[in-house]
Amino acid sequence: MNILSGWGARARGLFADNKGPWGSSGSDDEPSSSDGGNSGGPWGDPGRKRKRSSEPNPTLDEFFRRSRERFSGGGFPGRPDASIFVWAVIVVVLLFLVFTSMHSISPGQRGVVTRFGRYSYTLGPGFGITLPYPVDRVAKIDVEGIRTVNLGAESSEDLMLTGDQNLIDIAYAVRWNVKAPELYLFQLSDPDEAIKQVAESAMRSVIAQVTLQDAMGDKRGEIEARVVDAMQRVLDGYRSGVAVQGVAIQQADPPDEVNDAFKEVTAAQQDAKSYINQANSYALQITAKAQGDATAFDKVYEQYKLAPDVTRRRMYYETMEQVLSKVDKTIIEAPGVTPYLPLPQVQKEQQKKESAQ
Amino acid sequence: MTSFVRAHPIVSAVLGLFVLYLVASSFPIVPETKQAVIVRFGKPERILNRYQAGRPIGTASAGLSYKIPGVDRIVWIDKRVLAVDMQSQPVLSTDQRRLMVDAFARYRIVDPLLMYIRSNTEENLRSQLQVILRSEVRNELGRQPFAALLSPERQGVMDDVRKSLNVQAAKFGVEIVDVRIKKTDLPDGTPLQSAFESMRTARLQEARSIRAQGMKQAQIIQAEADANASHTYAASFGKDPDFYDFYRAMQSYRQTFIGEPGKQPAPTTVVLSPQNDYLKEFTGRSR
């Protein structure tokens, strides 16, 4: 409202400038107009500056003018300066009007136009023309850019209860963008905070419906998809104009307090695997040996069947030959000597022989 | 006019300012995000840009308006969906377990006039809603068993909270859009520690069971292998048990007295009698 009144006053000031013979009358009006119009708009600044520098001017001008009238009796020297000043103001104002009615919207943006605060229409990418500043205002909103919110602190623990009443330490990121800029601007008091809260709530409710094992393991993808769905439903319920692009679980670990117990499970899994591996290698070995032995027996047996007696004797002699050639032999002719055989001495002799060799 | 300005610069500046003030306060701009109640001498007169469900943005009476300066006053009331947070508070389930619950609600002021009369400011409204939210959440959740508290959405508990909250909030000209549980935590101390402890013991039990399963499988694999081997042996050796006995004895002698290739067996002395089968030719059979 201030802007509007400033606008009107400025216009009047301009007209006064144009009509009045004295620039000083214009500059008299000017500060007051900028007084009302400096509501923080881009032209508020020059107005304020002008005000500060020229506030003492009216009286000074008066003083100079009067002194000039008194001494030279003519107001002529003041006029050209004043008209230049007036024209400068007009040019500045025109430039301002032109610049604030043209908007270039980059490809990822939309320009939401409000006329006196009321939503009017949305500018697409490219070059757009609106009414100048105090009437139309354009808020440029990035709609393509994906924004990321990180939730569940990575440094500190953020424990959530799972469906089987375990606790899980979880960290995740939500990616979102704006799908309806006018809703995003006007519907929620704090869209960014709302997205955070909705994400936390959705993640919590999904985690509370799965087991710890699912949350830590292979069901992550499903959980993420369910969180996205839940978030989108709630945010659409708010008419927030926000599209949730994705949720990524960055970390889902057991709490530190019970981490050792979880490592114990991993160790047990490895142990079990190694037991099974050992058993498998034993099985391979024993099977191979059985097959080898059986095959060898089969081969020999084939030959044996062709001439059983001869083969049997041959095998017997060959074996005894090999065996007896490697051992010390004592042959006792007479029966009854055996009990008195000095076995230790026999062994000693044998050792002596070996050392002599 | 110019002559008047020239004659009384200060007076005209003051006058100009005053005119500006009049203009500014006669034509307020209502932004899209606000509802405005125009109050004349303390009595509500008109409502600008009032929220109506389902009405598209830009069609309500936001924008330039008017009022009588000095007589009418504007009370600004937010039109957007607002948030009220509930600090974490303990909830006792029907099975006497405690849970810390952190909730939030989103609401919209649908009747700015009623809201202005009952609460006056948005801050007042928020703190009033906070109190209602706390008690409603505790009431509704307190009727649930612990397992249902973990995911109150599933049983429609949150819908009940929202409905009963809505009844209360309607008295303030407020509509509750949504109530959600943000966090459910076990209270610090014993409940948390016992949860950790139960997780720990569950894991250790799991570890033991995994090891036992591994051992079991290993034993089964070994036994199967032994059975297979024995089958293979039986199939082969069973063709002639007598020959097998002989064949195996020969192998065994060799193994015992000669040992593995490259290994010296323990020194052995064999005492043979001439009656030994091996030596039966020693004495000459022809005799």
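In what order do the strands of the open sheet of chain B stand? In this predicted model, the open sheet of chain B has 3 strands in the order β6-β7-β8, with antiparallel pairing. Strands β6 (82–92) and β8 (174–185) of chain B stand at the edges with a single partner strand each, so one side of each is left without a neighbour in the sheet. On average, and with direction ignored, neighbouring strands of this sheet are turned by 20° against each other.

Within that sheet, strand β7 of chain B, which covers residues 98–109, is joined to β8(B) by 10 bridges, and the two strands run antiparallel. One residue pair that can be located in the structure is M100(B), whose bridge partner in β8(B) is D185(B). Helix α4 of chain B, residues 122–141, lies across β6, β7 and β8 of chain B, and this helix runs at about 35° to β6(B).

**Chain A: strands**

Chain A contains 12 helices and 10 strands, and 34% of its 357 residues count as buried. Among the contacts in chain A with a separation of 6 or more, 64% are accounted for by residues 24 or more positions apart.

| Strand | Partner strand | Bridges | Direction |
|---|---|---|---|
| β6(A), residues 147–151 | β8(A), residues 167–178 | 5 bridges | antiparallel |
| β7(A), residues 159–161 | β8(A) | 3 bridges | antiparallel |
| β8(A) | β9(A), residues 242–253 | 10 bridges | antiparallel |
| β10(A), residues 328–331 | β9(B), residues 269–272 | 4 bridges | parallel |

R147(A) stands opposite W176(A) in β8(A), while M160(A) stands opposite I168(A) in β8(A), and A171(A) has Q251(A) of β9(A) as its bridge partner. The hairpin of β7(A) and β8(A) has 5 residues between the strands, and in this hairpin Q165(A) takes a positive phi near 60°.

**Chain A: a helix pair**

Helix α7 of chain A (residues 191–207) packs against helix α9 of chain A (residues 220–237) at an angle of about 135°, with the axes 9 Å apart. That angle makes α7(A) oblique to α9(A), and the crossing in which α7(A) passes α9(A) is right-handed. On the side of α7(A) the contact is made by V198(A), A199(A), A202(A), M203(A), S205(A) and V206(A), and on the side of α9(A) by I223(A), R226(A), V227(A), A230(A), M231(A), V234(A) and L235(A). By class, the contact of α7(A) with α9(A) has 11 nonpolar residues, 1 polar and 1 charged.

**Where the two chains meet**

Which helix gives the most to the side of chain B that touches chain A? In the contact between the chains, 87 residues of chain B meet 98 residues of chain A. Helix α7 of chain B, residues 190–237, gives the most to the side of chain B that touches chain A, contributing 26 residues. Sorted by class, the residues on that side of chain B comprise 48 nonpolar, 18 polar and 21 charged.

The residues of the contact of α10(A) with α7(B) divide into 25 nonpolar, 12 polar and 11 charged.

Strands link the chains as well, since strands of a sheet pair through backbone hydrogen bonds, either parallel or antiparallel. Here β10(A) and β9(B) run parallel and are joined by 4 bridges, and within this pairing K329(A) stands opposite V270(B) in β9(B).

Leaving aside residues up to four places away in sequence, T319(A) touches M250(B), Y253(B) and R254(B).

Conventions
Residues are numbered from 1 along each chain as its sequence is written. Chains are lettered from A and ligands numbered from 1 in the order in which they are written. This is a predicted model: local features need pLDDT of at least 70, side-chain atom pairs count only at pLDDT 80 or more; totals for chains, interfaces and linings use all residues. Two strands pair if DSSP finds at least two bridges between them. A residue is buried if 20 or more other C-beta atoms lie within 10 Å of its own, exposed if 12 or fewer, and partly exposed in between; C-beta atoms are placed from the backbone. Two residues are in contact if their C-beta atoms, placed from the backbone, lie within 7 Å. Ala, Val, Leu, Ile, Met, Phe, Trp, Tyr, Cys and Pro count as nonpolar, Asp, Glu, Lys and Arg as charged, and the others, Gly among them, as polar. Axes are lines fitted to C-alpha atoms, for helices over the stretch in contact, and angles run from 0 to 180 degrees between N-to-C directions. Angles under 35 degrees count as roughly parallel, over 145 as roughly antiparallel, 65 to 115 as roughly perpendicular and the rest as oblique. A crossing is left-handed if the near helix is turned anticlockwise from the far one by less than a right angle, and right-handed if clockwise.
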